[in-house]
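Dear colleague,

Please find the structure below, handed over for your records. My notes on the findings follow it.

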Amino acid sequence: VRGVVLIIAVLSAVFSVGLIVRLSSSMSQKEHSVTSREDRSSVRRTPNVASPEQSGDATINHHEELIAEKIASAPLEDKPQTASHEKRSRRLIDESDAAKEEENFLFQTKTASAPSCSTPLSPSDVKFTLVTQFSSDRLWMFPYHCSRIPNDVPISMVVYTDKSVDDVYNEIEQSGMCHANFRNHTTVQTLSTQNYDKGEYPVNKLRNMALSAVQTSHVMYIDIDFWESFNLFSTLSSPSVTYELANDAQLAIVVPAFQLMRQCREYRECPEKNIPVMPSTQEELFNLVQEKQVFMFDPTNAGGHGSTLYKEWAMEQYVGDLLELPCIKSNRYEPYLAFRYCEELPPFQEQFNGYGKNKMTWVMQLRQTGYKFAQLGGAFVIHYPHLDSSSRLEWNKAPKQVRGHTPKKVHDVDWKKYKRGINDAIFIQFREWLRSDVKDTSRVLLCDDAQDDDAKLWVDRD
């Protein structure tokens, strides 16, 4: 707890330094900045969507620039690497790793049950399903999603529970927060906990199960503890976005993710204090950023969301604007995405369960198979500040030798006794499979100053 408090104190100090930056450029200079941004992006805008200059609604002012500085000033924690790091041939797998106990991991390349990606779409064909998964102890969060999305948006969810599907429906109905016909728009599946060891959470199996029930062309995937802004689905359905999605089956829309600080001083769940503060609009979000109650998600893990252009999102993008990411700063990038549900979509690899590497590996595979990423202007998701899950606590367990030292300097540790060591070993298997068996058709490369992700591995590093 003291460590968490210290991290928060340090981050608050960092966010407080150098925030007052005055706008000295004229509107013509701002227009030049927007033009330069368009030059580096191939994402098109449909003519019936007004730009900030046309509408006058998105004029950048001093207030917004301060907010952008606060959002984007989280410290980086990793050492840089060169782009060539990704291209080197590497085969450094320790035969004693836990992952080698099973020689043949059957990693998957496609979502076989989905429709073909080659089927042409028009913008009017682009419809979204909200896809999510969670354990039964977070079922209480689902009604808050109901209150933030349009009533006609289909939902596909899988609950890790021994309750029946009817029990889940009934519990949601009892909240009184979902519309009367929500059953007609919501598909519920359950996965029994009896099939798994205590402490295991089959997160990627749950995600794939939820995806399997999708009937729309596209998906907005969100973990249950990330709540949507009120305008997320209306923004995704705007002409500028549906046009792009209809014309590129491998376009993934990044929805910027933020986190709310826990609103109680003591280390406990305090929904009575957290829920009323959870922002649902951009204005509410910006106010909380100024109050140092909201930050980019997980600023202590810069790789996770550091490729998202938070400053541009706050200062330059208007609602429905798509800004293409020029490169990815870390293989640990794991944004929340809207994407087409079709056969060529890589599935979530089910060898990863519990906490750690379950979503970043999916994004790595998306990138290698040709997906490009464009972030959505004007909408967001916000993380609810719950306590650490049992899966996270299991991931946090470490041998005494690691504490205060880098893993590469630690020897004589049986890594397969620790969840992080097991997942790291599986990750190495996945990475080698991705390099050797999956054709690299990347349209988005790692940045020249991309982070050295291997430095964080507990097992073999390249």
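**Findings**

Lys127 touches Thr216, Ser217 and His218, not counting residues up to four places away in sequence; contact here means heavy atoms within 4.5 Å. This is a predicted model, in which local features need pLDDT of at least 70 and side-chain atom pairs count only at pLDDT 80 or more, while totals for chains, interfaces and linings use all residues. Residues are numbered from 1 along each chain as its sequence is written, and side-chain values use heavy atoms, with hydrogens and water left out.

Lys127 is located in the loop between α4 and β1; helices (H or I, at least four residues) and strands (E, at least two) are DSSP runs, numbered from the N terminus. With a relative accessible area of 48%, Lys127 is partly exposed. The terms are as follows: buried means under 20% relative accessible area, exposed over 50%, and partly exposed in between (1.4 Å probe, protein chains only). From C-alpha to C-alpha, Lys127 and Met220 are 9.9 Å apart in space, and they are 93 residues apart in sequence.

Thr111 also belongs to the loop between α4 (62-72) and β1 (128-135). Thr111 is buried, at a relative accessible area of 12%. Its side chain reaches the backbone oxygen of Leu345 at 2.6 Å. Beyond its neighbours within four places in sequence, Thr111 is in contact with residues including Tyr341, Cys342 and Pro346.

Four disulfides are counted, a disulfide being a pair of cysteine sulfur atoms within 2.5 Å. With bonded cysteines counted along the chain, the pattern is 1-7, 2-3, 4-5, 6-8.

One of them is formed by Cys117 and Cys342, with sulfur atoms 1.9 Å apart. Cys117 lies in the loop between α4 and β1 and Cys342 in the loop between β10 (336-340) and α15 (360-368), so the pair ties together parts that are 225 residues apart in sequence. The torsion about this S-S bond is about 85°, so the disulfide is right-handed. Cys117 is buried at 13% relative accessible area, and Cys342 is buried at 0%.

Another disulfide joins Cys264 to Cys270, S to S 2.1 Å. Its torsion is about -85°, so this disulfide is left-handed.

Cys327 and Cys447 are also joined, S to S 2.0 Å. Cys327 is in the loop between β9 (322-324) and β10, and Cys447 in the segment after α17 (419-437), 120 residues apart. Cys327 is partly exposed at 22% relative accessible area, whereas Cys447 counts as buried at 4%.

Yours sincerely

Notes:
A polar contact is a pair of N or O atoms within 3.5 Å; within protein, one must be able to donate a hydrogen and the other to accept it, and residues adjacent in sequence count only if both atoms are side-chain atoms.
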